[in-house]
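Colleague: I am new to this structure. Could you show it to me and take some questions about the terms used for it?

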Amino acid sequence: MSGQLQGIIVPVTSFQQNCTILFDSETKRGVVIDPGGDVEKIQSAIKEQGLEIEAIWLTHGHIDHAGGAMDLKDALGVDIIGPHKDDLPLLEALEKQAQMFGVATVRNAVPDRWLEEDDTLAFGAHEFAVYHCPGHAPGHVIFYNEAAAFAHVGDVLFAGSIGRTDLPGGNHEALINSIKTKVLPLGDDVGFICGHGPGGKIGEERRNNPFLK
């Protein structure tokens, strides 16, 4: 018997990245999205909720989102799924990113499966469509659950802002195109969680986000 889609946010590392745990309210099975670090903190949240994690999903390959992926994979014995293969250079350079930022205990991440546009992911009865949304990172993907009118948009779109495009592989024009052709058409009533800070509703961003004017 499946229940409602639920989620909790575990802010991790000095980047205050929203590591997100999505799960079914009845079966307590779910996934971890973007374990950027502080793996013990993530594990504590999983235990506190009594969850069984089926997989790790990555939106993209920046250190604040993927830095703890391999350690969490080892701890939970689950696969890493995503992002799109265009982020392979970023995932292969996580240890170098860590040196730049002075972050310890980060390992290059090796996904068990890459994601493509129009792929579908699921845990239990909760299905998510995958959209490839380059711009912030070349292989960035987002996850959309139509039944719950919910999307996890990573660092593509924020409440009142958009993802940075001044990092390696960033492209402002591509990001705006991803938002306007992939994210906004999901619908005004769709709620979203993003990679940093508070989430919101897509309609609010379509109407008021200054970067989309």
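Colleague: Which residues have the most contacts inside the largest nonpolar core?

Modeller: They are Val-10, Ile-21, Val-32, Ile-42, Ile-46, Leu-58 and Leu-94, in a core of 26 residues. H1 gives the most to this core, with four residues. This is a predicted model, where local features need pLDDT of at least 70, side-chain atom pairs count only at pLDDT 80 or more, and totals for chains, interfaces and linings use all residues. Residues are numbered from 1 along each chain as its sequence is written, and side-chain values use heavy atoms, with hydrogens and water left out.

Colleague: What makes a set of residues a nonpolar core?

Modeller: Its members are buried Ala, Val, Leu, Ile, Met, Phe, Trp, Tyr and Cys residues, joined through side-chain atoms within 4.5 Å. Buried means under 20% relative accessible area, exposed means over 50%, and partly exposed is in between (1.4 Å probe, protein chains only).

Colleague: Why is Cys-19 called buried?

Modeller: Its relative accessibility is 0%, and the limit for buried is under 20%. Cys-19 therefore counts as buried. Cys-194, at 1% relative accessibility, counts as buried too.

Colleague: How do you know that Cys-19 is too far from the closest cysteine sulfur for a bond?

Modeller: A disulfide is a pair of cysteine sulfur atoms within 2.5 Å. The closest cysteine sulfur to that of Cys-19 is in Cys-194, 14 Å away, so the two are too far apart for a bond. For Cys-194, the nearest cysteine sulfur is that of Cys-133, 14 Å away, and Cys-194 is in no disulfide. The structure holds zero disulfides.

Colleague: Why is Glu-52 called partly exposed?

Modeller: Its relative accessibility is 45%, and partly exposed lies between the limits for buried and exposed. Glu-52 therefore counts as partly exposed. Arg-29, with a relative accessible area of 31%, is partly exposed as well.

Colleague: Which residue forms a salt bridge with Glu-117?

Modeller: Lys-182 does, with the closest N and O atoms 3.3 Å apart. A search of the whole structure finds 11 salt bridges.

Methods. Helices (H or I, at least four residues) and strands (E, at least two) are DSSP runs, numbered from the N terminus. A salt bridge is a side-chain nitrogen of Lys or Arg within 4 Å of a carboxyl oxygen of Asp or Glu.
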